[in-house]
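Please read the sequence alongside the structure. The paragraphs below go through selected parts in turn.

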Amino acid sequence: MPASLAGACYDRGMTRTLHLIKHGRPRIDPQVPAHDWPLADDALTGLSTLLAALHPRPDLVACSVEPKAHATAQGLAAALGAPLRPMQGLHEQLRYTAPWRPDPAAFEADIRRFFDHPEQVVSGEESARDALTRFHNAVTAVMTAHPQPCVAVVAHGTVISLLAAHLTGRDPWTVWQALPLLGSVTVAWPDAQGTSGPGGA
């Protein structure tokens with residue numbers, strides 16, 4: 001099992017805190033696009049562990065509008081007693097046309113190619129570069145609209161890994177491998193973050 005990144009903080013001396021949180025376990029249905037999967041019935045049983053790892057505690061929870069992320073964020077916001085703000089643009093890499101991969105190794109191979117060839121559309125409909133730019137812009141919009149000191153964004157593994165890697169200089173594949181369901185990556189966020197977009201994936 002990959003090591004959890006929950007609570008890992010890459011502090012670059014900035015003043016605001018952003019928790020990037022991966023949704024809970026979905027109910028998988030190969031006949032339905034992954035973007036539309038709901039949460040599994042027991043998906044939030046690990047929520048208390050996630051809460052214990054979030055330092056500082058979020059003042060607001062924003063989330064992707066995909067059902068599995070939205071439901072995860074609802075549970076998190078309720079546990080925190082914090083406002084919930086679903087936001088467009090925080091969805092996973094677009095992969096409506098990506099083939100169903102029941103073999104985890106085949107799925108991971110697709111993800112590895114996605115990270116290794118950021119300029120190319122290698123699976124689905126969106127390259128890593130385009131997914132990073134879109135997700136970065138959406139997170140910047142969240143942080144601009146909500147100036148609270150600590151914000152949580154509940155989203156999805158590949159886009160979280162792309163943004164965390166962009167902000168910290170890490171390898172996105174390494175971040176993705178180590179980020180579990182209901183896991184988090186915590187980064188410092190500058191108020192001027194939105195002035196320049198990603199220089200690469």
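F107, W173 and W176 form one aromatic cluster. The model is predicted, so local features need pLDDT of at least 70 and side-chain atom pairs count only at pLDDT 80 or more, while totals for chains, interfaces and linings use all residues. Residues are numbered from 1 along each chain as its sequence is written, and side-chain values use heavy atoms, leaving out hydrogens and water.

Rings of Phe, Tyr and Trp (its six-membered ring) pair if their centres lie within 6.5 Å; planes under 30 degrees apart count as stacked, over 60 as edge-to-face and the rest as tilted. The whole structure has 4 aromatic pairs. One of them, F107 with W176, is tilted, at 6.2 Å centre to centre and 50 degrees between the planes. This pair links distant parts of the chain, with F107 in helix α3 and W176 in helix α6 (residues 172-178), 69 residues apart. Helices (H or I, at least four residues) and strands (E, at least two) are DSSP runs, numbered from the N terminus.

W173 and W176 make a stacked pair, 5.4 Å centre to centre with 15 degrees between the planes. About one helical turn separates W173 and W176 because they are 3 residues apart in helix α6.

Buried means under 20% relative accessible area, exposed over 50%, and partly exposed in between (1.4 Å probe, protein chains only). W173 is buried at 9% and W176 is buried at 11%, whereas F107 is partly exposed at 31%.

F107 is also among the residues in contact (heavy atoms within 4.5 Å) with R95, leaving aside neighbours of R95 within four places in sequence. R95 lies in the loop between β4 (84-86) and α3 (104-116), and counts as buried because its relative accessibility is 17%.
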